[in-house]
Amino acid sequence: MAIELKMPALSPTMEEGTIAKWLVKEGDTVSSGDILAEIETDKATMEFESIDEGTVGKILIPEGTENVKVGTVIAVLAGEGEDASEAAASAEAATSDEGEQQPEPPASSGEQEKSDDEKDAIAPSKPKSEPKSDPAIPDGTNMATVTVREALRDAMAEEMRRDERVFIMGEEVAEYQGAYKVTQGLLEEFGPKRVIDTPITEYGFAGIGTGAAMGGLRPIVEFMTFNFAMQAIDHIVNSAAKTNYMSGGQMRCPVVFRGPNGAASRVGAQHSQNYGPWYASVPGLIVIAPYDSSDAKGLLKAAIRSEDPVVFLENELVYGRSFELPELDDHVLPIGKARIVREGSDVTIVSYSIGVGFALQAAEKLAEEGIEAEVIDLRTLRPLDRQTILESLAKTNRLVVAEEGWPTCSIASEVIAICMEEGFDHLDAPVLRVCNEDVPLPYAANLEKMALIDAPRIIEAVKKVCYV
Amino acid sequence: MARTAKTRKTPAKSQQQGGPSDDSDFALHSLQEAFEKAKVYDASEDEMMEFYRQMLLIRRFEERAGQLYGLGLIGGFCHLYIGQEAVAIGLQSALDNDKDSVITGYRDHGHMLAYGIDPKVIMAELTGRQAGISKGKGGSMHMFSTEHKFYGGHGIVGAQVALGGGLALAHKYNEDGGLCLAYFGDGAANQGQVYETFNMASLWKLPIVFVIENNQYAMGTSTARSSAETEFYRRGTAFRIPGMDVNGMDVLEVRAAAEVAFKHVREGNGPVLMELNTYRYRGHSMSDPAKYRTREEVQDVREHKDPIEGLKKVLVDKGKSEDDLKAIDKEIRKIVSEAADFSENSPEPEASELYTDVLVEEY
């Protein structure tokens with residue numbers, strides 16, 4: 001049968017073009033790959049190649065013709081053993097039959113698309129997440145006082161003992177014992193195969209860690225601070241977060257990226273930034289930012305066990321703080337569940353990471369003045385526990401978000417949006433946010449103090465929403 | 001030795017243990033020299049017929065993909081492998097598929113076909129259908145087959161090199177004897193993370209073969225206009241990675257080079273950098289007007305260096321008849337037609353697929 005050569009589209013948006021030049025003539029023998037014609041649009045010129053073998057029967061659209069619609073039969077090719085002239089004749093008959101009819105549209109447009117649109121109009125409902133509750137701590141469990149630093153180290157050591165695939169890599173994690181001593185003692189126990197010092201090469205080792213996770217290992221990639229992870233953010237976002245989706249669920253990437261995040265003390269603008277909102281905006285990532293030792297340990301263990309890529313944001317200023325931690329064989333906490341760290345009935349303060357400390361200080365002061373604040377530690381920034389926020393809002397009807405980070409496009413912005421969308425009827429006052437000043441963090445001690453959040457500013461905001 | 005004295009600048013440096021710079025017998029040219037001695041792989045007739053069949057499958061598949069793109073059935077970016085077939089076939093035929101892994105960039109159709117993955121599910125991915133290998137959610141640039149240890153399909157130029165380093169780290173960590181074959185282009189060869197990976201791969205002696213598919217153009221910019229060192233096989237020198245300069249238009253030469261490189265890596269000597277000199281006949285992607293090179297240049301490569309025509313000549317010289325080869329062509333056309341029909345007629349993904357596979361677990 002004769003093969004109809006149709007006007008090709010140079011791009012899915014092209015509707016018509018010019019046949020600038022025919023490079024074959026009737027009667028020519030062509031094989032696949034031969035260039036038949038040059039097609040031009042206002043944007044580009046492209047060569048039109050044959051993908052079939054045969055003899056050019058009839059050229060139906062002469063060169064120089066403009067506005068040739070995509071899909072129009074522009075020539076016919078006689079296949080092997082066919083008479084080219086017959087093919088031409090039958091093609092001519094076919095085209096004259098069609099008369100003025102529009103060429104057949106591509107399958108992806110027209111009627112079919114309409115029916116697809118109708119089908120898509122019944123939008124699927126987004127799956128609702130139902131966060132699990134923290135496991136009950138058995139009566140009589142001894143509570144040890146442990147620093148956040150030790151809790152994190154213990155979490156890694158326990159998981160490395162439990163699973164041979166778990167290893168840690170990063171700058172100074174092995175012989176130096178960690179730039180902030182979080183990996184203290186790990187090299188001694190697990191050896192250099194599983195505690196790997198890397199060169200100063202964040203983009204490279206983040207990629208290697210991500211690739212190792214794709215290859216079936218369970219890497220913990222430590223960034224000396226998350227400020228340096230900006231060089232590696234491509235692998236965190238493009239390689240780790242998206243691959244499961246892009247592969248239709250085939251590719252796993254169970255990697256944990258962890259390290260200190262947020263402002264430290266007097267280290268200047270480039271070393272002082274909260275990346276929580278950045279990573280929390282990315283579907284495919286889990287983002288955890290714990291405050292105390294128990295959450296740091298329980299959630300890091302959960303992060304290492306997770307099949308999903310996790311960004312685990314610590315805080316240098318909190319590493320040395322001591323908190324109670326239940327002495328359990330296996331202290332694992334649920335990802336995606338916020339925690340009410342202080343109950344109250346008058347107002348809700350939502351915070352995470354170092355901000356929780358300020359929120360608790362503020363709540364104590366407010367209690368002296370007769371205002372009982374409920375303090376929520378989000379713990380996980382993605383997926384965000386909307387339920388706990390909204391339930392508290394329903395109880396207190398007033399809400400303040402306290403975040404050590406910039407205000408614009410922040411976690412605070414997100415919490416406020418949730419309150420507007422889903423908690424509007426419960427609001428007795430506008431939701432306020434207490435964030436860092438919207439400036440790069442200054443070095444000078446007085447300016448730095450002015451730029452960062454603190455308890456007095458949270459108290460002020462709480463009083464505003466309580467109208468006192 | 002004078003050389004030792006010269007390369008070890010300070011006493012402190014010479015006292016350091018374990019790094020690749022300790023290997024005083026290291027010779028960057030050793031692999032190229034071994035390869036020069038036997039440049040043509042001694043393939044059996046069956047092997048050659050199989051190479052021919054596989055290269056032809058890629059060629060015809062890609063031609064059809066180009067056609068489907070023109071008809072609006074394939075959208076977005078679509079990078080064809082036409083002209084480069086000998087690279088994927090020559091290299092991947094030398095892999096141990098039970099152990100070795102492969103990773104590449106976005107010009108990935110050929111590498112998947114080289115595994116013998118069903119052309120139907122590849123074409124259906126290109127048309128964005130549920131039956132596609134990524135359920136239609138990846139597209140041309142994002143295809144994977146963990147079953148075959150093929151790890152994609154990556155759209156950020158150069159990212160696959162670091163990821164490949166990670167796959168190699170996993171091979172070494174698990175002591176599974178496998179190696180990672182990491183492909184990238186002459187364009188990606190100028191990305192910083194490639195050299196970060198070279199450094200760590202050499203430092204840690206990772207089992208990885210870096211393959212630069214030098215098709216002469218990074219999109220529309222020729223290597224001469226983009227690269228200070230256009231002899232890409234030399235690019236590992238600063239990291240003490242031996243390089244190999246290979247004619248990527250000759251499948252038997254590619255395979256011979258692969259034998260040398262893979263042996264070196266499997267013996268625990270760390271990475272090898274192979275430059276495969278090749279050529280893409282088509283534009284960078286389907287929407288490339290190709291104004292940066294002349295038609296004569298493309299035509300010259302097609303006429304004189306085409307990998308499929310080249311192997312065809314060898315086969316004919318060995319006594320294969322035109323009919324034998326025609327029969328293969330016919331079979332391939334049928335396979336590709338079926339794949340195209342399948343990809344056009346398969347349904348699009350269910351709307352509910354929008355929300356699946358974002359995360360593996362429920363939280």
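Predicted model: local features only at pLDDT ≥ 70, side-chain atom pairs only at ≥ 80, totals over all residues.
Just after the helix, G268(B) takes a positive phi of about 85°.

Chain B as a whole contains 14 helices and eight strands. Its C-alpha atoms fill a box of roughly 70 × 65 × 40 Å along the principal axes. A compact globule with 363 residues would have a radius of gyration near 21 Å, and the value for chain B, 21 Å, agrees with this. Buried residues make up 53% of the chain. Among contacts in chain B between residues at least 6 apart in sequence, 77% join residues at least 24 apart.

Chain A has 468 residues, of which 50% count as buried. It is built with 14 helices and 22 strands. In chain A, residues 24 or more positions apart account for 74% of the contacts with a separation of 6 or more.

Strand 10 of chain A, residues 166-170, is mostly covered, with five of its five residues buried. In a regular strand the side chains alternate between the two faces of the sheet. Both faces of strand 10 of chain A are covered: V166(A), I168(A) and G170(A) are buried on one side, and F167(A) and M169(A) are buried on the other. Strand 10 pairs in the parallel sense with strand 12 (residues 218-222) of chain A over five bridges, and I168(A) stands opposite I220(A) in strand 12. A parallel pairing over three bridges also links strand 10 to strand 11 (residues 195-197) of chain A; here I168(A) stands opposite V195(A).

A further part of chain A forms an open sheet of five strands in the order 17-19-18-21-22, with mixed pairing. Strand 17 (339-342) and strand 22 (432-434) are the edge strands, each pairing on one side only. Neighbouring strands of this sheet are turned by 25° against each other on average, direction ignored. Strand 17 and strand 19 (residues 373-377) of chain A run antiparallel and are joined by three bridges. Within this pair, R339(A) stands opposite D377(A) of strand 19. Helix 12 (residues 411-422) of chain A packs on the sheet and touches strand 18 (347-351), strand 21 (399-402) and strand 22. The direction of helix 12 makes about 160° with that of strand 21 of chain A.

The contact between the two chains takes 61 residues from chain A and 51 residues from chain B. On the side of chain A that touches chain B, strand 5 (45-49), helix 2 (111-121), helix 5 (202-214), helix 6 (233-241) and helix 7 (243-246) each supply at least two residues. Helix 5 of chain A gives the largest share, ten residues. By class, this side of chain A has 26 nonpolar, 27 polar and eight charged residues.

Notes:
Residues numbered from 1 in each chain as written. Chains lettered and ligands numbered in written order. Helix = DSSP H or I, 4+ residues; strand = E, 2+ residues; numbered from the N terminus. Pairing = 2+ DSSP bridges. Axes fitted to C-alpha atoms, helices over the stretch in contact; angles between N-to-C directions. Contact = placed C-beta atoms within 7 Å. Nonpolar A, V, L, I, M, F, W, Y, C, P; charged D, E, K, R; others polar. Buried ≥ 20, exposed ≤ 12 C-beta atoms within 10 Å, placed from the backbone. Rg over C-alpha atoms; globule rule 2.2 N^0.38 Å.
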